[in-house]
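Me: I would like to learn how to read the features of a structure such as this one, beginning with the sheets and ending with the charged side chains. Could you take me through it step by step?

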Amino acid sequence: MISVFGSANMDLVAYVSQAPKRGETVTGHSFRTVPGGKGANQAIAASRAGGEVAFLGAVGDDAFGAEMRATLADAGVDVRGLRQVPGPSGIAHIVVDDSGGNSIIVVPGANGTITGPSGSDLAVIAGSQALLLQLELPMEAVVGAAQAARVSAVPVYLTPAPAQPLPDELLEAVTTIVPNEHEAAAITGVTGPGEALDALLELVPEAVITLGSEGALYGSRSGERHRVPARKVNAVDTTAAGDTFVGALAVARSEGMPVPRALEFATVAAALSVQREGASTSMPARRDIEAALT
């Protein structure tokens, strides 16, 4: 089982020809509400990629919270660890332009009430094959979950987004860090992906830098290096590409796939996701990933 300790947001997505500059108003051509949040996205991606997944997080006592719970459950995710707290659920305001690029504002809501894993969360984490973490929960909560996984020798995958300083006590518990190119540069102060990868490996045992249309770059402290090219596709919406990649990667690695094959599996999943609109709605099923791999 894969556990995901993270955020659940309702994505409020506006589609525009070109994103507005500061002080500018533009007219959009469509709008959608889509259950998302980096934690929920990764849980759904992992479940659709064939994993048994438990989600640990919080939603508010509003309509968005009920919808997010139902969406996770419908995707086959175990939601017994999804708390309900008084007040609003988290939301993300997302602007997607016609080239598939996006900008995002996150308002934490219920996610901000989580200060650490509960007793039942700790039991789920201890029994997991992997723990997926992101940074849309308070840092103290993320650190607590990572340390709990470390005590139980559970591999920890960290998506360091939104980019922010990473405390030593978190890095000490992380097995694999999966930033995009911009996040890797923010963490290391190095702009080149290869150099950033080397710098990340001074912090954690494994690193994967996702490079969008350029694929992904993997390295480990044992000296293993792999670069996997991206599939050439017409991107419609890149919002959940990184989360899809991480969810699929964790499933592939937990099944024992060799690293190169696991990276290819995750890259194909991400390529399929960007060809569809939305976050959780864009994530491919296992059969679709396997069909595209052949």
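This is a predicted model: local features need pLDDT of at least 70, side-chain atom pairs count only at pLDDT 80 or more; totals for chains, interfaces and linings use all residues.

Me: In what senses can strands pair, and which sense joins strand E9 to strand E10?

Reply: In general, the strands of a sheet pair through backbone hydrogen bonds, either parallel or antiparallel. Here strand E9 (residues 156-158) and strand E10 (residues 176-177) run parallel and are joined by two bridges, and within E10 the bridge partner of Tyr157 is Thr176.

Me: What is the strand order of the open sheet of four strands?

Reply: That sheet has the order E3-E2-E6-E7, again with mixed pairing. Strand E3 (30-36) and E7 each have a single partner strand, so one side of each is left without a neighbour in the sheet. From one strand to the next the twist averages 20°. Strand E2 (residues 9-15) pairs with E3 in the antiparallel sense over seven bridges, and Ala14 has Phe31 as its bridge partner in E3. Helix H2 (residues 63-74) packs on the sheet by touching E2, E3 and E6, with its direction at about 95° to that of E2.

Me: How many residues lie between E6 and E7 in their hairpin?

Reply: Five residues lie between the two strands, and Gly100, in the turn, has a positive phi of about 95°. The strands themselves, E6 (residues 90-96) and E7 (residues 102-107), run antiparallel and are joined by six bridges, with Ile94 standing opposite Ile104 in E7.

Me: Turning to helices, how many of the 15 residues of H9 are buried?

Reply: One reads this by counting the residues that fall under 20% relative accessible area. In H9, twelve of the 15 residues are buried, so the helix is largely enclosed by the rest of the structure; among them are Val259, Leu263, Phe265, Val268 and Leu272. What covers these buried residues includes strand E11 (206-210), strand E12 (216-220), E13, H8 and H10.

Me: How many salt bridges does a search of the whole structure find, and which parts does the pair of Arg225 and Asp198 tie together?

Reply: The search finds nine salt bridges. In one of them the side chains of Arg225 and Asp198 meet at 3.0 Å, N to O; because Arg225 lies in strand E13 (residues 225-228) and Asp198 in helix H7 (residues 193-200), the pair ties together parts that are 27 residues apart in sequence. Arg225 is partly exposed at a relative accessible area of 39%, and Asp198 is likewise partly exposed, at 40%.

Me: Which residues meet the side chain of Arg286 in salt bridges?

Reply: Glu255 meets Arg286 at 2.9 Å, N to O, and this pair links distant parts of the chain, with Glu255 in the loop between helix H8 (241-254) and helix H9 (259-273) and Arg286 in helix H10 (residues 286-293), 31 residues apart. Glu290 also meets Arg286, at 2.8 Å, but here both residues lie in H10, four residues apart, about one turn of the helix. Elsewhere, Arg231, Arg261 and Glu264 are linked in a network of salt bridges.

Me: Which side chain of opposite charge is nearest to Glu183?

Reply: The nearest is Lys38, 5.8 Å away, and Glu183 is buried yet has no salt bridge; the cut-off to keep in mind is 4 Å. Glu183 lies in helix H6 (residues 181-188) and, leaving aside residues up to four places away in sequence, touches Pro160, Ala161 and Ala163.

Technical notes:
Residues are numbered from 1 along each chain as its sequence is written. Side-chain values use heavy atoms; hydrogens and water are left out. Buried means under 20% relative accessible area, exposed over 50%, partly exposed in between (1.4 Å probe, protein chains only). Lys and Arg count as positive and Asp and Glu as negative; His and the chain ends are not counted. Contact means heavy atoms within 4.5 Å. Two strands pair if DSSP finds at least two bridges between them. Axes are lines fitted to C-alpha atoms, for helices over the stretch in contact, and angles run from 0 to 180 degrees between N-to-C directions.
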